[in-house]
Amino acid sequence: MTALLKTPSSWPRVLLPGTDAPDPTDLDAAVRGGAFEALKTALRAMTPGQVTGAVAGSGLRGRGGAGYPTGAKWRAAAGADGATRYVVANGYGADPAVQTDRTLLELAPYAVIEGIALAAYAIGSREGFIAVRAEASETIRRLEAAIAAAEEAGFIGPDVLESGWDLALELRPVQGAYMLGEETVLLKALEGKRGQPEQRPPYPAERGLFGRPTVVDNVQTLASVPWIVKHGAEAFAAIGSKSSPGTILVQLRAPSGGGIAEVPLGTPLRTVIGLVRGGRLAGKDQQPPIKAVLVGGPSGGFLPADLLDTAYDYDTLRAADAHVGSGSIVVADERACIVDLARLLTRFCADQACGKSIPCRIGTRRLSEIVDRIAIGTPLPTDVERAGDLAADVVGSGLCDHERLATLPMTSAMRYFRPELDDHLLRSTCPAGVCQPIALAVAGADRGAR
């Protein structure tokens, strides 16, 4: 499991309180720390509508990357036709290099279980699922132990806390690829079908798992709900930024180290990155200056060093051609080539595309080929314009967010790092000495031999 970074004592802890417990599956210790108090309050003193109202009033937005208002999703599911409804906790963690969701499930399993119970109570569901990676053996072990303990204590299962309401909770390990981060793809996998996105509307809240109304929430979203019910919507709304309240788990990677931290949304990127760089962002006598920050994972955007004061929240990052995504923040110094990184990420997104639609099957592949040509020094005269037009077409006609976001590594590089792109295009040089065969020229090789 990735190490947790030390954060300022003034930062609130919503998702990972009490993580010093030697055994996170110890239910007695969790209860002494406040676990399931919110569920007791909800079942004894709140109606389902009041629980949903508290979540809506808090401003909680989905932590899976899209940032959709959680309360609106719950209201849609509660108001949909049908007696059977489901709650699905997405703990799959589609980004292969990020372990934020896995860390939460391993360190605070009861927060997720309680959040699922509150969501199920709010929408009138009697059945929930936790989806995790099939290869995450330690996560599965801890969740199985936590679910069994919670059921034995009456926090889930038949007649929850003697309320007359039943909740069956099932852990579902799933196998798949990057696309399982998309909610309709995950639902197909849970049904045992081919993992491909569905046209929306209808949304899963209206017709989801097995054709029933379904709330699909990231595990971080659900783990925030007990805190909201316990402390109040206004207290949660006071954390973070006005448009993006609360905290979120981020995973930082930099040449100087890395780790996972719980960060209030709206915190400047400069401050977040300082957690792993010892508070120092640059200095010739300390660490290499930052060249770029990749925000959002494989389909994230590159931001230059002069945008480090950008707030880490949903709307601000979107406006800057990046996004919260998987919670990944990767710091690149002057030794990195942005064109090479854009090439790698664009190829990854093309390889992970499911191929259901033409923009997915063909558009992302053609975009990858264009970036390849630029990186190796064999571009066509119109490649930059062609890449921009193709990216706009993929975004405008894509079926799901994978296609709409797969273009970001290239388009953000074109927006903020055009001089480096021009070095490859016009001068056949790679300033960082990374790209091949261009790097041979940087090393002093005869360009005419290429």
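Helix H5 passes helix H7 in a left-handed crossing, where left-handed means that the near helix is turned anticlockwise from the far one by less than a right angle, and right-handed that it is turned clockwise. The contact is formed by Arg102, Leu105, Glu106 and Leu107 on the H5 side and by Glu138, Thr139, Arg142 and Leu143 on the H7 side, contact meaning heavy atoms within 4.5 Å. The model is predicted, so that local features need pLDDT of at least 70 and side-chain atom pairs count only at pLDDT 80 or more, whereas totals for chains, interfaces and linings use all residues. Residues are numbered from 1 along each chain as its sequence is written, and side-chain values use heavy atoms, with hydrogens and water left out. Helices (H or I, at least four residues) and strands (E, at least two) are DSSP runs, numbered from the N terminus.

**Helix packing**

- H5 (residues 100–107) and H7 (residues 137–152) pack at an angle of about 35°, and their axes are 9 Å apart; axes are lines fitted to C-alpha atoms, for helices over the stretch in contact, and angles run from 0 to 180 degrees between N-to-C directions.
- The contact of H5 with H7 comprises 3 nonpolar, 1 polar and 4 charged residues, where Ala, Val, Leu, Ile, Met, Phe, Trp, Tyr, Cys and Pro count as nonpolar, Asp, Glu, Lys and Arg as charged, and the others, Gly among them, as polar.
- Helix H15 (residues 383–397) packs with helix H17 (residues 408–416) at an angle of about 130°, with the axes 10 Å apart.
- H15 and H17 are therefore oblique to each other, since angles under 35 degrees count as roughly parallel, over 145 as roughly antiparallel, 65 to 115 as roughly perpendicular and the rest as oblique.
- The crossing of H15 and H17 is left-handed, and its contact involves Val384, Ala387, Gly388 and Ala391 of H15 together with Met410, Thr411 and Met414 of H17.
- By class, the residues in the contact of H15 with H17 are 5 nonpolar, 2 polar and no charged.

**Strands and sheet**

- Strand S2 (residues 127–133) and strand S3 (residues 168–174) pair in the parallel sense over 7 bridges, pairing requiring that DSSP finds at least two bridges between two strands; Phe129 has Glu170 of S3 as its bridge partner.
- S2, H7 and S3 together make a right-handed β-α-β unit, right-handed here meaning that, with the strands pointing away from the viewer, the path from the first strand over the helix to the second runs clockwise.
- An open sheet of 5 strands has the order S6-S5-S9-S7-S8 with mixed pairing, and S6 (257–264) and S8 (301–304) stand at its edges with a single partner strand each, so one side of each is left without a neighbour in the sheet.
- Neighbouring strands of this sheet are turned by 25° against each other on average, direction ignored.
- Within it, S7 (residues 290–295) and S9 (residues 328–333) run antiparallel and are joined by 5 bridges, and Val293 is partnered by Val331 of S9.
- H5 lies across S5 (247–254) and S6, and runs at about 125° to S5.

**Backbone in the loop between H8 and S4**

- Most residues other than glycine have a negative phi, and most peptide bonds are trans.
- A cis peptide bond joins Arg200 and Pro201, with omega about 0°, and Pro201 lies in the loop between helix H8 (183–190) and strand S4 (214–218).
- The peptide bond from Pro201 to Pro202 is also cis, with omega near 0°.
- Phe210, found in the loop between H8 and S4, has a positive phi of about 55° although it is not a glycine.
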